[in-house]
Amino acid sequence: MSEKRSPARGDGPHVLVVVEDAETTELLATTMELAGYRVSTVSTGAEAMVRLVEDRFDLVVLDVTLPDLQGLSRGSRFTPADRPPVLFLTAYQTLGRLVPELGAGREDHVTKPFRIAEVLARAEVLLRDRGPEREREGPSYGDLVLDDDTCQAWRGRREIDLTPAEYRLLRHLLVNAERVLSKEQICRHVGGEGRADNAIEKLVSRLRHKVDREGPGLIHTRRGFGYWLGH
């Protein structure tokens, strides 16, 4: 069966609806959008894990009767701090054993057949109990996010281990995304690496290896001019 995936709609908290049945998916998506949520939908467990790794969601609404629920096991287990709350659509009570790959975290369930009013009420409680969002403050580009408070960087959900000079370089490239920066400009901003061209080249090479290790390349060289960050 082909996977059904939709772009997000709405502009409120971002919700991922993981339901196979098209009619139920449409009911949930339409109702939650009218309630102010931004909704994305997928129809398989495997696609849900891909979306959870690629994007940040505030809430997941998950039908635990999905035939390919084992597809969730293809991804990495999330930490409680990283995993969004999950609202299960289920007839079971042993929820903790159904999708262990999602890791521990805030969760609730609605018994099927459900009332849409109950789904909305429980979703609101899960989001309220989550408390203030711990959004990573700092510049971002696509799935690359920096947190200036902790001097940490992420590519999707993968944390990137950077030296202070690498972090300064990455931030400089990111805030100047899609602009070519010369070695002289980089050297003035980064500092601490000497002014030799080969020092900057080695620094960029190390940073590129870390940032682009598991995804499409973001750091590029324009020979004779310098370096730039972008797609």
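**Backbone exceptions in a predicted chain**

Buried residues, meaning those under 20% relative accessible area with a 1.4 Å probe and protein chains only, make up 45% of the 231 residues in the chain. This is a predicted model, in which local features need pLDDT of at least 70, side-chain atom pairs count only at pLDDT 80 or more, and totals for chains, interfaces and linings use all residues. Residues are numbered from 1 along each chain as its sequence is written, and side-chain values use heavy atoms, with hydrogens and water left out.

Colleague: How many helices and strands are there in the chain?

Modeller: Helices (H or I, at least four residues) and strands (E, at least two) are taken as DSSP runs, numbered from the N terminus. Counted in this way, the chain has six helices and 11 strands.

Colleague: Is the peptide bond from Lys 112 to Pro 113 cis or trans?

Modeller: Most peptide bonds are trans. Pro 113 belongs to the loop between β5 (107-111) and α3 (116-129). With omega near -5°, the bond joining Lys 112 to Pro 113 is cis.

Colleague: Which loop holds Cys 151?

Modeller: Most residues other than glycine have a negative phi. Cys 151 is not a glycine, yet its phi is positive, at about 55°. Its place is the loop between β7 (144-147) and β8 (152-155).

Colleague: Is Glu 178 buried or exposed?

Modeller: Glu 178, in the loop between α4 (164-175) and α5 (183-190), also has a positive phi, near 70°. Exposed means over 50% relative accessible area, and partly exposed is in between. Because its relative accessible area is 54%, Glu 178 is exposed.
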